[in-house]
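Here are my notebook pages from an afternoon with one protein model. Have the picture open while you read along.

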Amino acid sequence: MFSKVLVANRGEIAVRVMRACEELGVRTVAVYSEADKHAGHVRYADEAYNIGPARAADSYLDHEAVLDAARKADADAIHPGYGFLAENAEFARKVEESSVKWIGPSADAMERLGEKTKARALMQRADVPVVPGTTEPVESAEEVKEIADEYGYPVAIKAEGGGGGRGLKVVRSEDEVEEQLETAQREGEAYFGNASVYVEKYLEAPRHIEVQILADEHGNVRHLGERDCSLQRRHQKVIEEAPSPALDADLREEIGEAARRGVKEAGYTNAGTVEFLVEDGNFYFMEVNTRIQVEHTVTEEVTGLDIVKWQLRVAAGEELDFEQDDVEIEGHAMEFRINAENAANDFAPATGTLETYDPAGGIGVRIDDAVRQGDEIGGDYDSMIAKLIVAASDREECLARSERALAEFEIEGFHTIVPFHRLMLTDETFRAGEHTTKYLDEELDPERIERAVEKWGTVGTAASEEDGEVTEREFTVEVNGKRFEVSLEERGAPAIPAAGGSGNSQRASRPPQATADDGGEEVVVEGDGETVTAEMQGTILSVEVDEGDEIAAGDVLCVLEAMKMENDVVSERGGTVTQVLVSEGESVDMGDPLVVLE
Ligand code: MV4
């Protein structure tokens, strides 16, 4: 096994990878951009290197900076996470040619699967069904029309380098061919630097089913069952689950075995995902994702396997220690991406301070995140701040547990898509598992999303909404002769002017009386017009002001030790210090003047 791994990524996936390292006794190295100085993955790692000049998002893409950090740290392997460098064959090759091991498929395997027509031809050789269409690029409108005549309209024109819906054009009739062909070529060139396109029969309402693969360097390939990622919005997955509610046992077995054959043919190693479209009981290969994916978690939950740990072991040359028959799918799992977005405003990204962050917990709940309360969510990177993964014994229980967990999840400070998830859990089509890839974009009524955000959305914090902090007071009461100690909380109330009373500090609404705080933190002394006096007998530990100082309301004047507690003596008002009447070490009595203000 490696002794030190550099994780070339940020956010929850970087922490996810480091957690696997930790369990394997491997030391971890983070890299970070200027914008991420205090980010969760930096806090988690054993050591961290700043690779980040001005443009934050670009830092993580800087091949040389990442390799330099690996050399400086003396790391023996690099894990790319997902996004950024994960599917970059050129970077993988640079790592392979260095003294550092690449934790992922070989650059060659990535290239064999990266170009869509090559991948389609490879899958056909492995007897994996592909969508009817071409395995050679097409150049002219005439070719497109010939193919469309053979399979019937609609057909899809797809860019060779395509993915995520970019460079995908649907042609519904012959007169659209020229225009859509040109658009697909233009988009392919613009997005992927490759104007080459090919043609497929277009499926109207397929489901998106993907199979998780693990392959070692000794020829063993296992599939870990499928995930259903049909619930997508503009090609962005929002909820994923395993197993798929749309497959029966036979189709599940067939699709899993097809995925195995496909990656075996490609000489693929490490973790990967084979994506399929499924319609009317048929499945068709779409593409291979040559990385760990966001939604790998649901597969981990239903198989009990740690996929990231296996990525590390396989890259270190270890052999998979289980047979295909040992892989059992148990129960059901769903993943909810917790994105900082306002679902009611076209899922616009939201930014702000994470004022409250209190994730769900309890049985069957897993949270993968890299944030904590108080963090700034800046909008420099993608909007996913956490993932909630829920596991249960079956889909029904998983739905109920997910409703419970999403209701528990408290996030304040900006919009998240939690209200959208809660809506989905009440949605008949989703609950029935009947949604296709078109459901969110074409069928769900947007007004229902607006109502869900009104109902379940929380943006501000309790404090800002309710104007005032909590004052807690303790009383001894007797009820029918029985003694009770009670503690009462009041929101926005003035603190109590009695020594020994309990209360949170409350400068903003403090009355002009002297106030003691048994929290041991501060004693606020009345200005009494000009003179600040000691609230209680004690010793001056330090004097924080000098004569002539300009001070503001709330500034600490001196620290008074009384009853074994250090109490800040805070000024009630601003002004100029005209006299300091005490010095460090001096004993004072209650009522003694401390400082005079003007
Ligand atoms: C398709 C298709 C229907 N028929 N190909 C969209 C992303 C790209 N990687 C492949 N995509 C599709 N290819 C044929 N021949 C429908 C889609 C598609 C889709 C696929 C998966 C998940 C969501 C989707 C949303 C719209 C379209």
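**Entry 1: the lining of a pocket**

I began with the second largest pocket, and sorted its lining residues into eight nonpolar, no polar and seven charged. For my classes, Ala, Val, Leu, Ile, Met, Phe, Trp, Tyr, Cys and Pro are nonpolar, Asp, Glu, Lys and Arg are charged, and the others, Gly among them, are polar. The model is a predicted one, where local features need pLDDT of at least 70 and side-chain atom pairs count only at pLDDT 80 or more, while totals for chains, interfaces and linings use all residues. Residues are numbered from 1 along each chain as its sequence is written, and side-chain values use heavy atoms, with hydrogens and water left out.

The second largest pocket has a volume of about 240 Å³. I noted 15 lining residues for this pocket, with R233, F347, L440, P446 and I449 nearest its centre. Two elements give two or more residues to this lining, α16 (439-443) and α17 (446-456). Which element gives the largest share? I found that α16 does, with four residues.

My terms, for the record: on a 1 Å grid over the protein atoms alone, a pocket is an open set of points with protein on both sides within 12 Å along at least five of seven lines, a cavity is a set where a 1.4 Å probe fits but cannot get out, and lining residues have an atom within 4 Å of a point. Points are joined across faces, edges and corners, and a volume is the space filled by probe spheres set on them. Helices (H or I, at least four residues) and strands (E, at least two) are DSSP runs, numbered from the N terminus.

**Entry 2: the cavities**

How many cavities of 30 Å³ or more does the whole structure hold? My search gave two. I looked at the second largest cavity, which holds about 40 Å³ of space. Among the residues that line it are H79, P80, G81, T290, R291 and Q311. By class, this lining has five nonpolar, five polar and one charged residues. Domain 1 (4-103) and domain 3 (205-330) each give at least three residues to the lining of this cavity; domain bounds come from an automatic or database domain assignment.

**Entry 3: around the ligand**

Next I went to the ligand and found 16 residues around it, with K158, E200, K201, L203 and E287 the closest. A residue counts as near if one of its heavy atoms lies within 4 Å. I sorted this shell into six nonpolar, six polar and four charged residues.

Then I checked the polar contacts (pairs of N or O atoms within 3.5 Å). An N or O atom in the side chain of E200 is 2.8 Å from a nitrogen atom of the ligand. For L203, a backbone N or O atom lies 2.9 Å from a ligand nitrogen. The side chain of E287 has an N or O atom 3.1 Å from a nitrogen of the ligand.

How much of the ligand does the protein cover? I wrote down 91% of the 530 Å² of accessible area that the ligand has on its own, using the Shrake-Rupley method with a 1.4 Å probe. The elements giving two or more residues to the shell are β8 (197-201) and β13 (282-289). Domain 2 (133-201) and domain 3 (205-330) each supply at least three shell residues, and their C-alpha centres lie 28 Å apart.

Most peptide bonds are trans, and most residues other than glycine have a negative phi. I looked for exceptions.

- Y153 and P154 are joined by a cis peptide bond with omega about -5 degrees, and P154 sits in the loop between α8 (141-151) and β6 (155-163).
- The bond from A242 to P243 is cis too, with omega near -5 degrees; P243 is in the loop between β11 (236-242) and α10 (249-265).
- F84 has a positive phi, near 40 degrees, and lies in the loop between β4 (77-79) and α5 (89-97).

Technical notes: A polar contact is a pair of N or O atoms within 3.5 Å; within protein, one must be able to donate a hydrogen and the other to accept it, and residues adjacent in sequence count only if both atoms are side-chain atoms.
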